[in-house]
Amino acid sequence: MQLVVARIGRAHGIKGEVTVEVRTDEPELRLAPGAVLATDPASAGPLTIETGRVHSGRLLLRFEGVRDRNAAEALRNTLLIADVDPDERPEEPDEYYDHQLIDLDVVLADGTEVGRITEISHLPSQDLFVVERPDGTEVMIPFVEEIVADIDLAEQKAVITPPPGLIDDRAEIASSRDVEDSSEVAKDEI
């Protein structure tokens, strides 16, 4: 199975280094020197990592055969893709690879069907499940401990306990107008 592990950014310096937007929780494993990565577009690779270092909080990589700024800049926006065994699991028991979560059934704690995970959206603050509901609409569910109660890969389901309004529009919202209306009623009764 192939997984996107990084996206190449701008060139850094004049000796062929590039900045990298990391898209894996295991950069020390996937982006280590000697790793051979497929690319998208395929014509840019495969690329073999020669060196890697962190500079000002950003990962910098140099690839074999890329020796100058122009060659590095030509790789900009290329996706780096690693081959991963489909049965491989992350080291932490409560972590999952995207391919393990795609197509899981999403249900409430009482067993009510919500839909099926079609995509994982990785945002800076948190990850989201993009869930297709039975009627074809989509709902986004934050992948946080308070909402996703259980992931059961054997049963192929994710159990959620959403707050009111997350998956339906029945949440009660008190507006300032409602508060003013209730105070007028209270004044009339006095």
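Me: What percentage of the 190 residues in the protein chain do buried residues make up?

Reply: Buried means under 20% relative accessible area, exposed over 50%, and partly exposed in between, with a 1.4 Å probe and protein chains only. Here, buried residues make up 33% of the chain. This is a predicted model, in which local features need pLDDT of at least 70 and side-chain atom pairs count only at pLDDT 80 or more, while totals for chains, interfaces and linings use all residues. Residues are numbered from 1 along each chain as its sequence is written, and side-chain values use heavy atoms, leaving out hydrogens and water.

Me: How many helices and strands are there in the protein chain?

Reply: Helices (H or I, at least four residues) and strands (E, at least two) are DSSP runs, numbered from the N terminus. The chain has 4 helices and 12 strands.

Me: In what order do the 6 strands close into a barrel?

Reply: Two strands pair if DSSP finds at least two bridges between them. The barrel order is E1-E2-E5-E4-E3-E6, with antiparallel pairing.

Me: Which strands does E1 join?

Reply: Strand E1 (residues 2–12) runs antiparallel to E6 (residues 79–83), and 5 bridges join them; Leu3 stands opposite Ala82 in E6. Another 5 bridges join E1 to the antiparallel strand E2 (residues 17–22), where Val18 is the bridge partner of Ala11. E1 and E2 form a hairpin with 4 residues between them, and Gly13 in the turn has a positive phi of about 75°.

Me: How many bridges join E2 to strand E5?

Reply: There are 3 bridges between E2 and E5 (residues 58–63), which run antiparallel. Val20 has Leu59 in E5 as its bridge partner.
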